[in-house]
Amino acid sequence: MIVLEKRPQPSRGWALATPVLAVLATMLFGGLLFAVLGKNPVEAIATIFYDPLFGPHASYYRPQLLVKGAPLVLIAIGLSLGFKANIWNIGAEGQYIVGALAGAGVALAFYPLEAWFIFPLMVIAGALGGWAWAMIPALLKVRFGTNEILVSLMLVYVAEQLLASMSLGLLKNPQGMGFPGSRNLQQYESAHNADLIANTGMHWGVVAALISVIFAYILLNRHMLGFHIRLTGDAPRAARFAGVRPARLILFCLGTGGALAGLAGMFEVSGPSGQVSIDFNVGYGFTAIIVAFLGRLHPVGILLAGALLALTYIGGEIAQAQLGLPAAAIQVFQGMLLFFLLALDLLTNYRVRMRKTEVA
Amino acid sequence: MKFTSLLASTAMALGLATSAMAQDDKVKVGFIYVGPIGDGGYTYEHNQGRLAVMEEFGDKAETTYVESVPEGPDAERVMTQMALDGADLIFATSFGFMDATVNTAKKFPDVKFEHATGYKTAPNLAIYNARFYEGRAVLGHIAGNMTESNIIGYIGSYPIPEVLRGINSAYIHAKKVNPDVQFKIVWAYTWFDPAKEADAAKVLIEQGADVILQHTDSTAPLAAAEAAGNVIGFGQASDMAEYKDGPRVSSIIDNWGPYYIERVGKVLDGTWETADTWAGIGDGMVQIGEITDRVPEDVKAEALALMDTIASGAYHPFTGPLNKQDGTQWLAEGEVAEDQALLGMDFFVEGIDAEIPK
């Protein structure tokens, strides 16, 4: 009989091995799925994982990995701080939208003035916008004990309505012939978050994502606040004895997560997207939850996980166009990744043992 | 002088030679879709157009597509990828792809682009759209005749000119046959979301609507009408014939195949040029699906006659006298709306008791 035995300590080896195993299992079962759909599984997997990096047009795709990965990493870093302390911000998508609206709002308020201070102001506004949106569930939780999962998630839908309203009303391009959507910030030099070096995909959002990884690493490993975050997650009772103030921690974790998500939205709207439009948000805030867990809530892990997810997005599109794989198959493939990760996670905390059935 | 003209003629000959070579080549056509090809509505019809291209040209045209592409930078990447993979012609089939298409067209001057329902053109970027308001006039005529509660529910996607034209056109022609008719409008803020569309339909039915018009792409409103019993509706973008025995009494169909075949053919024979196409019932881009027996014979005959006069150009659905909602005059007696005014339409006509959300 196979039994599961709880490990006294989570296995470090397995903690590192499970993400790799999850990726391999996804390749295996994803390949089976593609084979059932009548495609060559080896070719499909190679298209998804190899072509964006080393294929004939890799010079175009590699920068795109940064463009796609940066918002995921930036948001996931913010979420991971809360997740570590059992504070569940599921509403990063909403904070991302409000950050973008705040950033774009500042830019459009100054249009057509060209000045050096506009972009820094947009950065501040973006962070504040996301922070403020996250403060709603944070304050409600601290003050009234509401569930932050529900409140933050519901606020995503409120933010989407706000986005639609802004695209049709206040931020609408007056020269857009009545069509929804703001002016394109790519054509407004002072507000444009352009590539720092042309065609590298390296815009300010990528820089911010890398900085956030470093800061999160230092915070968690070298700082008292980081210790409190980890302690609250691992041993809530011990944390209380150690003098952790839960309210302060909730405000900090949700606020930071919101600010980083807001920044991601602001860098996106002023750069790759360029425009506030009704369908501006494409799910980065939700995908970042997968990234955070795939990266084991560890800053460096999140960086790698963000790169991996970006790879499956871009490779998935190539596979669709070249091999005719349906979009749903790619989404299932991405879903498998999280599924296998969570399933294999069991091995980190439990040991699988064969035991002879004893006669009772 | 002689030398330069020699050079020029050589260059011309070379140019001719290359374009002649291009004629023999196969053409590679990319499509990017905003929804899944199985949506049963808008994207489904664009994909039918792609299949029509494949059938028409066989080996000469290779097509690829990517579905459910988010609007924005993702669309730009997908189109760039198609261009890098050697596409000669790319159809961007949603309004929201506009700026992404413009950017990509700039990067690849030798690739031809076609953007549906937008308004930005370039030497290698054409735009095309259908005069759906023509079809909606016919649906409005049927709806006005069929309603018994005199309340017609309308599910709008977004308050943009395209949708406002449809509402105004349907209202004008419903009102013509039924002066007591009222429109109730719910904005779903989506093109395709069966759950939201079903909710919108239920709200309208609860408010007394017994006819539902929709400008969203799923069959969910028809399913809701069927569940409610004595409510009818219309197929949107696609025929939605599976509801023919139930609530669906007719439909407005987007028929892109002929246009796609024409444009791909022009790339094949080297005569493709940028264009601004706005085609209607007369050109076959907008079709009215079969009107079922639930509609009385005389109403059906009138609807078909209306369709014919629109198709022939004898009648324009926006013909004065027409006032705007606030009572100011829009079109004088006999005056016909100009395309430019229709393209930027941002108001309701007089009589519609609803506000355009801001």
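This short talk describes two interfaces in a predicted model: one between two domains of chain B, and one between chain B and chain A.

Good morning. The model is predicted, so local features need pLDDT of at least 70 and side-chain atom pairs count only at pLDDT 80 or more, while totals for chains, interfaces and linings use all residues. Residues are numbered from 1 along each chain as its sequence is written, chains are lettered from A and ligands numbered from 1 in the order in which they are written, and side-chain values use heavy atoms, with hydrogens and water left out.

I begin inside chain B.

The area buried between the two domains is about 1,100 Å², and carbon and sulfur atoms give 56% of it. Buried area here is the accessible area (1.4 Å probe) that two parts lose on being put together, summed over both. On the domain 1 side, B:Asp39, B:Arg131 and B:Trp278 lose the most area, together 52% of what that side buries.

B:Arg131 also forms a salt bridge with B:Asp339, with the closest N and O atoms 2.9 Å apart. By definition, a salt bridge is a side-chain nitrogen of Lys or Arg within 4 Å of a carboxyl oxygen of Asp or Glu. The count between the two domains of chain B is 1 salt bridge.

I turn now to the two chains. Chain B contributes 31 residues to the contact and chain A contributes 33. Together they bury about 3,000 Å², 55% of it on carbon and sulfur atoms. In chain B, the residues that lose the most area to chain A are B:Arg77, B:Gln81 and B:Tyr119, together 21% of what that side buries.

Which charged pairs join the chains? There are 2 salt bridges across this interface. A:Lys68 forms a salt bridge with B:Asp74, the closest N and O atoms being 2.4 Å apart.

Finally, which elements of chain B touch chain A? Those giving two or more residues are β2 (61–66), α3 (73–84), α4 (98–107) and α11 (339–343). Helices (H or I, at least four residues) and strands (E, at least two) are DSSP runs, numbered from the N terminus. Of these elements, α3(B) gives the most, with 8 residues. Thank you.

Technical notes
Domain bounds come from an automatic or database domain assignment. Contact means heavy atoms within 4.5 Å.
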